[in-house]
Amino acid sequence: PLRQQLVLMSPLRLLTLLGLIPCGCSHPKTQGLGVTMAHFSLPGHYTLGGFFPIYSVAVNLFLCSSGCRFSLDGYEWALAMTFAIDEINNASSLLPGVTLGYEIYNSCHDFLVAVQPTMRFMSGADNSIAVLQDYTRYQSTAIAIIGPATSDLAIILGTVFGLMLIPQISYGASSETLSNKDLFPSFLRTIPSDKNQAEGMVALVKTFGWNWIAVVGSDDEYGRQGIELFSVRAAVEGICIAHIHLVPSYNSVSSVELKMATIIGHIQQSQVNVIVLFSNEKVALTLLRYALKHNITDKVWIGSEAWVTSNVMVHTPGLGNVGTVIGFVIQSSTMPGFQQYISNLLTAMDRQQSSVHTHSPTISLCFSCLNVSAESLIKRLDYLEKRQSFNVYTAVYSVAHALHQLLGCDSGGCRDSPRPYPWQLLDEVRRVAFEVGNRSIQFDNNGNPKTSYEIILWKVSVEKLLLSVIGSYSGSLDISPSHIDWHTETEEVPESYCSKDCVRGQMKKAKGLHSCCSECIDCPEDTFQNASDVSQCINCHYEEWSPARSSACFPRSPQYLAWSSPMVVLLLLLVSLSLALTGLMTYLFVCHSGTPMVKASGGRRTFGTLTSLAMASCSSFLYLGEPTEHTCKIQQPVTSMCLSFCMSTLLGESLQILLTLELGSLTKGCLGVLKHRGNQLVVLLSLVIQVSLCYWWLTTPGPFLIKLRESNKLLLFCKNHEETSFWLMLAHSGFQSLSCFMCTFLIQNPANTYKLARDISLAMLLYFLAWVAFIPTYSAVSSIYAPVVEVFTVLGSTFGILGAYFVPKCWIIHFKPHCNTEAYFQVYKQETIL
């Protein structure tokens with residue numbers, strides 16, 4: 001696939017690219033090169049090109065000037081490449097009989113500076129780049145490229161080197177864009193993608209519960225994409241970003257100061273205590289210095305690998321007081337002999353001042369430009385972190401191991417084969433797998449290393465900052481919070497929230513544009529919340545209640561007609577009195593069952609009337625005490641059946657009186673049947689109607705027990721007045737009483753006879769008035785007291801019947817026995833009323 005990609009490459013595409021570069025394609029003259037060029041070279045069978053930011057500011061493309069800013073980090077990285085190549089060349093196992101050479105150039109973080117070295121690496125034997133249709137057999141000067149350090153430069157150079165599939169292994173470019181193999185087919189790196197670092201930063205923020213942070217980045221590919229990756233991941237984890245700032249790396253002093261003032265102002269106004277700084281070294285240093293200037297020393301700074309171990313940062317006096325600095329760095333290992341190599345090299349350079357022929361390299365260095373001695377330079381390099389240098393070291397070894405496989409090398413040497421093409425080497429580099437310094441080196445399909453991050457903490461010491469490892473990140477975070485010295489007044493983990501977490505009994509309501517900004521609202525009555533920082537309260541169960549801002553629900557106090565309440569006690573006394581009177585009257589009637597009075601009153605039917613009145617009184621117990629579904633269901637049918645039976649017996653009696661005294665002449669005809677069988681027919685018909693209405697009631701859908709919440713109480717009562725069948729049952733009994741009254745109240749009794757019709761009329765009038773009064777009263781009172789009204793009405797109608805109908809008869813039986821004669825009741829002959 002790689003060879004086919006080279007064959008299909010358009011010459012026009014290469015010409016277009018070269019036309020955009022404002023430089024020649026020949027190798028520049030090297031005489032007069034100063035330190036700004038930082039030109040290291042060593043001949044060999046295979047040449048590796050290198051890009052290192054030995055100077056961070058370019059005065060011009062070639063000349064050294066006192067205005068250049070020398071970078072110890074970049075210089076050390078370049079020496080790491082020469083060290084690795086010298087080590088490989090001096091070993092006999094990896095590439096026996098084959099030597100590696102190098103050409104190292106100063107990239108200066110500037111594409112214009114890197115243009116001519118790029119053309120040099122891509123050129124052929126004649127120092128020119130031929131425009132061909134097929135580059136599968138094209139041999140470039142450099143068989144592989146190490147670098148550059150930044151993503152901006154790597155994206156540009158990666159596009160160029162990708163045209164010829166020249167392997168390019170970066171030690172510092174971490175942009176996720178470079179993982180796209182369609183755009184950068186020959187790009188690999190020994191530093192993880194920023195995507196992994198951004199995920200690790202989010203995991204760190206999440207671990208300490210921070211959800212209100214600021215993000216600052218450099219306005220370059222590294223900072224912009226780092227912020228984008230972090231922001232997307234933070235949003236998924238519910239972390240809010242108060243504000244995002246991009247700082248130009250190269251700008252006027254006044255504009256940079258204005259930008260820094262804006263950033264510091266926003267940090268102070270938004271009360272952010274955690275700042276994620278995803279930037280290059282220059283922007284990070286400027287911001288931290290500005291923070292110190294404004295006495296911001298209690299914040300948490302989460303740093304990216306590009307600056308957190310930088311030599312400038314570590315050696316800047318007082319910078320460790322800026323707050324708690326936690327950074328992500330690439331997992332590294334040791335390079336035995338590297339420090340001694342640097343010491344020997346610089347000592348020799350200091351003596352000769354011009355060139356060093358050790359191992360035959362041509363190294364040009366201008367100490368006058370640096371204005372430092374070799375001894376001080378060695379001391380400063382000794383303090384540098386070697387993590388990025390180790391990435392350079394492994395990049396060189398990746399190329400060496402690929403050549404080892406490509407050339408078929410073994411302990412006896414490498415086979416004599418034609419010089420491999422860059423695309424062939426690229427294919428092998430992608431597949432390398434080896435160990436160096438106790439670290440496994442391997443690339444995935446996107447050219448990214450399978451490595452992890454270490455989490456470091458800045459600790460202040462006398463001479464410099466100490467970088468203490470406190471954890472690691474490799475897909476999951478492993479950190480030791482106890483090892484962190486927090487720069488806060490309490491020396492505890494600082495809080496960084498837009499809003500504090502809501503406590504139990506509260507819910508949070510979003511405030512403003514950020515989801516993390518909210519206000520805490522107390523849960524209203526009858527709701528609760530037993531967890532913190534949630535967005536809604538939970539309704540209590542219907543039979544439970546809670547006060548405002550409650551974390552739990554409590555059982556409601558049930559309210560009903562308790563047996564111990566004074567009202568129920570009074571009702572029980574009335575029920576007892578009613579039963580006592582009914583029992584006494586029944587006893588009298590049983591004892592005098594053969595007397596004219598008892599026979600005239602209905603004989604055996606009288607006992608049915610008294611029994612139904614006693615049962616109606618007893619049905620009052622169904623209305624008292626705690627109601628249940630069953631008691632609510634049967635109380636109305638029981639009461640209605642008892643009263644209906646009582647009314648039907650009295651209605652039969654009234655009908656017999658009417659037929660005997662008023663319609664006696666008509667009873668020989670069609671009304672004769674009613675005169676002799678009227679009682680049975682009336683009772684039967686009334687019971688059939690009442691049973692039908694009771695069945696309707698019993699089959700009514702829905703619960704019969706109603707539970708109604710009121711404050712912290714639960715009102716328990718039975719449903720009644722809402723149902724049509726309830727009122728029809730009462731209406732049926734009322735109709736019976738009205739019929740009795742209509743049959744008897746106008747009847748004229750013969751002189752010197754007992755007025756039985758009068759007793760029935762008075763009893764029915766009292767019964768009817770009691771239930772007429774019941775209707776408005778029952779509808780007006782509270783549902784919990786409605787049973788009291790009904791019980792009073794039932795007892796009132798019972799006492800009315802007993803007093804108006806039975807008491808006069810008992811009075812005659814007990815106190816006027818002389819009136820209990822056949823003559824006094826002659827109008828109600830036995831045969832007419834039985």
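This report walks through a predicted model of one protein, from its overall make-up to a few local details.

**Overall make-up**

The protein has 834 residues, and 52% of them count as buried. Its chain forms 24 helices and 26 strands. Take the contacts with a separation of 6 or more: residues 24 or more positions apart account for 72% of them. The protein exposes about 36300 Å². Carbon and sulfur atoms supply 57% of that area.

**Helix H22 and its surroundings**

Helix H22 spans residues 756–780.

One feature is a nonpolar patch on the surface. The patch is formed by Leu738, Met742, Phe745, Leu746, Leu762, Leu765, Leu766, Phe768, Leu769 and Val772. Together these residues have about 860 Å² of accessible area. Two elements give two or more residues each: helix H21 (724–744) and helix H22. Leucine 765 lies in H22. This leucine is partly exposed, with a relative accessible area of 34%.

The crossing is left-handed. On the H19 side, the residues in contact are Leu643, Met647, Leu650, Glu653, Ser654 and Ile657. On the H22 side, they are Leu756, Ala757, Ile760, Met764, Tyr767 and Trp771.

**Salt bridges**

A search of the whole structure finds eleven salt bridges.

| Pair | Closest N and O atoms |
|---|---|
| Aspartate 427 and arginine 431 | 3.1 Å |
| Aspartate 522 and arginine 549 | 3.7 Å |
| Lysine 809 and aspartate 759 | 3.0 Å |

Start with aspartate 427 and arginine 431. Both lie in helix H15 (residues 422–431). They are four residues apart, about one turn of the helix. Aspartate 427 is partly exposed, at 31% relative accessibility. Arginine 431 counts as exposed, because its relative accessibility is 51% and the cut-off is over 50%. Asp427, Glu428 and Arg431 are linked in a network of salt bridges.

Next come aspartate 522 and arginine 549, which also form a salt bridge. Aspartate 522 lies in strand E19, while arginine 549 lies in the loop between E22 and E23, so the pair ties together parts that are 27 residues apart in sequence. Aspartate 522 is partly exposed at 36% relative accessibility. Arginine 549 is partly exposed too, at 44%.

Lysine 809 and aspartate 759 are both buried.

Most residues other than glycine have a negative phi, and most peptide bonds are trans. Some spots in this model depart from that pattern.

Arginine 549 has a positive phi, near 60°. Its loop runs between strand E22 (544–545) and strand E23 (554–555). Aspartate 526 also has a positive phi, of about 70°, although it is not a glycine. Aspartate 526 is found in the loop between strand E19 (518–522) and strand E20 (527–528).

The peptide bond from glycine 147 to proline 148 is cis, with omega near 0°. Proline 148 sits in the loop between strand E4 (142–146) and helix H5 (151–163).

Notes
Residues are numbered from 1 along each chain as its sequence is written. This is a predicted model: local features need pLDDT of at least 70, side-chain atom pairs count only at pLDDT 80 or more; totals for chains, interfaces and linings use all residues. Side-chain values use heavy atoms; hydrogens and water are left out. Patches are made of residues with over 30% relative accessible area and no salt bridge: like charges are joined within 9 Å, nonpolar side chains (Val, Leu, Ile, Met, Phe, Trp, Tyr) within 5 Å. Accessible areas come from the Shrake-Rupley method with a 1.4 Å probe; for residues, only the protein chains shown count as cover. A salt bridge is a side-chain nitrogen of Lys or Arg within 4 Å of a carboxyl oxygen of Asp or Glu. Buried means under 20% relative accessible area, exposed over 50%, partly exposed in between (1.4 Å probe, protein chains only). A crossing is left-handed if the near helix is turned anticlockwise from the far one by less than a right angle, and right-handed if clockwise. Contact means heavy atoms within 4.5 Å.
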